[in-house]
Amino acid sequence: MAKYSDMGTLDLRMIQSVAQAKEVEEISDIGTLLLPKTLDPETSATIMAIPKYDIGTTYYLDPEDELRTVNGVVFLTDGDFSKEHKTVLLVNGIVVVKEISPETRGDIVCNGV
């Protein structure tokens, strides 16, 4: 059994079965919790039943999504996003987005401006 606590980001997208979910006993004091976006109903219910305390934000992402965290000031262009996978950028600070083409796939989550 595992307890996860006192972490800025906890990525549990690798949990894909009830057995894996049952290995997690508790989750607490986490800034950003990443959980799998698509699961079978039984596995999803098992993950939701894990006791969770003091979680800042929870995001549901696919395991193949590319996740990047940026702290400070960032100027984003098409080059900051993967062409093969969806890119999710977690920006803690200031983000300026300049000319992103319509074909670019991704999300920007900004804690700041």
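User: How many bridges join strand 5 to strand 6?
Analyst: Seven, in this predicted model. Strand 6 covers residues 106–112, and the two strands run parallel.

User: Which residue stands opposite valine 88?
Analyst: Aspartate 107, in strand 6.

User: What about strand 4 and strand 5, how many bridges there?
Analyst: Eleven, with the pairing in the parallel sense. One example is threonine 69, whose bridge partner in strand 5 is leucine 90.

User: What holds paired strands together in general?
Analyst: Strands of a sheet pair through backbone hydrogen bonds, parallel or antiparallel.

User: Switching to the surface. Which residues form the nonpolar patch?
Analyst: Val73, Phe75, Ile94, Val96 and Val113. Together they have about 490 Å² of accessible area.

User: Which elements give two or more residues to that patch?
Analyst: Strand 4 (66–76) and strand 5 (87–97).

User: Where is valine 73, and why does it count as exposed?
Analyst: Valine 73 sits in strand 4. Its relative accessibility is 55%, so valine 73 counts as exposed; the cut-off is over 50%.

User: How many bridges between strand 1 and strand 2?
Analyst: Eight, in the parallel sense; strand 2 spans residues 24–36.

User: And which residue in strand 2 partners alanine 2?
Analyst: Valine 24 is the bridge partner of alanine 2.

Terms used: Residues numbered from 1 in each chain as written. Predicted model: local features only at pLDDT ≥ 70, side-chain atom pairs only at ≥ 80, totals over all residues. Heavy atoms only, no water. Pairing = 2+ DSSP bridges. Helix = DSSP H or I, 4+ residues; strand = E, 2+ residues; numbered from the N terminus. Patch = residues over 30% accessible without salt bridge, like charges linked within 9 Å, V, L, I, M, F, W, Y side chains within 5 Å. Areas by Shrake-Rupley, 256 points an atom, 1.4 Å probe, with all protein chains shown as cover. Salt bridge = Lys/Arg side-chain N within 4 Å of Asp/Glu carboxyl O. Buried < 20%, exposed > 50% of the residue type's maximum accessible area, 1.4 Å probe, protein only.
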